[in-house]
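Here are some notes to read alongside the model.

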Amino acid sequence: MDPLDVMMSKEHVIPYYQPIFSADKQLVVGYEVLGRLHTEEGDKSLDWFFQDKNIPDEYRLELDDHIQKLALDEYMQTDQSAILFFNYDASLLIRDNGETFIKRLESYQSKGLNLGHIVLELKEEDVADYFYENKHFFYYIQSFGFRLALDDVGHNGSNLDLIAMLKPNIIKVDVAFMEDEEFPHLYSDVHQSLSMLSRKIGATLLFEGISTFNQLNYSWRNGGRYYQGSYLRSPHRFFVESDCCRKKMQKEFQHFIVYERKKMESQFTLTNELTTQLKQTMKTISPDDTFDEMIRKVATDCDRYAFRIYVCDAEGFQQSSNAEKSQDNKWVLIEEGRFKNWSWRPYFLENIVRMNIEKRGFLSDLYTDIERDERIRTYSYPITDNLFLFLDIPYNYLFEQEGLL
Ligand code: CA
């Protein structure tokens, strides 16, 4: 369809609303406003129209204006407890210093519109193009009282520094591009760091494009508070009942929780197994044994769990060599690791303090071992108040047991 045809049929362009649900209440918290063209063959999406930057700015501005007015008119007739999300092209917004958008909102504000319930969605990619030249503009538009959402975050790799500086209220991540079956853990790692950053800057993480059970599960596991997608509700011409997905979400959450609990239980079981084993092994170690003799004995006793074992003091200085399992499954001592310092590692000190206080061993999260380039976990165990044993568990072992990956 030609852009000009769309403009000629402007009176048939109507807003659609896609509900956005919150995890905490399982209710609709708001709607993204989308443009549709009403035709005899049904209502057609106009997403392409707003995404095509070759279409003259005037057309897109005019149509945006038209849809936003209709949506606000319809919204004003509701109880206005929901939030309305409006997409906007960052370059169009900058072009007139945000005036068209702000003026429109202000005209409704005088009729009682609460600006705190309006969200302006800007694509991360566009904002990244303009932010550094227009920092003040982006701070300025955040002073009017409506909220700012960064849309399509992570689509082309995300700009964590941009997000940290802009401090949007909402961060939207599209999960639609992921394969249904299995998510490469890579995405999860990126989204985990997004989730951490959101928490630090007080932003809400919203996952959109959710069209499957797995994608909803993924969103839940990765710290998403808001969810949007056809698995819950497709865009609709009208607003919906706020509890329309409540039962479904509650049921799905129950599945997620059962599954995650099983995983945690497996991790606790392994932790207990290793603790029992190490207590046993420590009894066989005499005070005259060197640290290297100690890890040799641990290696023999924990052979099926480990591929690397070493001992550090409370300041992170390695006291033993590395006991490492060679290709042919024999343990060798590698002296080179001795007296290296590991206190700079994430979680290291926290871990030491925890072990000291709770007097028990811990299993780490999954992370990639630099040398082996595979995902592993580390089990750490307090030998004394000043001496700690670290035992790296290979991917193979974690893979064979249920719930450890
Ligand atoms: Ca959007």
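1. Start with Asp-152. At 19% relative accessibility it falls under the 20% cut-off, so Asp-152 counts as buried. Keep in mind that this is a predicted model.

2. The backbone of Asp-152 deserves a look. Its phi is positive, about 60 degrees, although Asp-152 is not a glycine. The residue sits in the loop between β6 and α8 (160-166).

3. Lys-167 also has a positive phi without being a glycine, here about 45 degrees. Its place is the loop between α8 and β7 (170-174). Is Lys-167 buried or partly exposed? Its relative accessibility is 48%, so Lys-167 counts as partly exposed.

4. Now the metal site. Which residues supply the protein donors of the calcium ion? They are Glu-32 (OE), Asn-87 (OD1), Glu-121 (OE) and Asp-151 (OD). These donors lie 2.2 to 2.5 Å from the ion. Along the sequence, the donor residues follow the spacing E-x54-N-x33-E-x29-D.

5. Next, helix α10 (residues 213-221) and helix α11 (residues 246-283). Their axes come within 11 Å and cross at roughly 65 degrees. The two helices are therefore roughly perpendicular to each other. The crossing of α10 and α11 is right-handed.

6. What meets what between α10 and α11? From α10 come Phe-213, Leu-216, Asn-217, Trp-220 and Arg-221. From α11 come Glu-252, Phe-253, His-255, Phe-256, Ile-257 and Glu-260. By type, the residues of this contact are six nonpolar, two polar and three charged.

7. Helix α11 also pairs with helix α12 (residues 291-301). The axes of α11 and α12 come within 10 Å, and they cross at roughly 135 degrees. That makes α11 and α12 oblique to each other. The crossing of α11 with α12 is right-handed.

8. Which residues form the contact of α11 with α12? On α11 they are Gln-277, Leu-278, Thr-281 and Met-282. On α12 they are Met-294, Lys-297, Val-298 and Asp-301. This contact divides into four nonpolar, two polar and two charged residues.

How values were computed
Residues are numbered from 1 along each chain as its sequence is written. This is a predicted model: local features need pLDDT of at least 70, side-chain atom pairs count only at pLDDT 80 or more; totals for chains, interfaces and linings use all residues. Side-chain values use heavy atoms; hydrogens and water are left out. Donors are N, O and S atoms within 2.8 Å of the metal (3.2 Å for Na, K and Ca); water is not among the atoms, so sites may look incomplete. Axes are lines fitted to C-alpha atoms, for helices over the stretch in contact, and angles run from 0 to 180 degrees between N-to-C directions. Helices (H or I, at least four residues) and strands (E, at least two) are DSSP runs, numbered from the N terminus. Angles under 35 degrees count as roughly parallel, over 145 as roughly antiparallel, 65 to 115 as roughly perpendicular and the rest as oblique. A crossing is left-handed if the near helix is turned anticlockwise from the far one by less than a right angle, and right-handed if clockwise. Contact means heavy atoms within 4.5 Å. Ala, Val, Leu, Ile, Met, Phe, Trp, Tyr, Cys and Pro count as nonpolar, Asp, Glu, Lys and Arg as charged, and the others, Gly among them, as polar. Buried means under 20% relative accessible area, exposed over 50%, partly exposed in between (1.4 Å probe, protein chains only).
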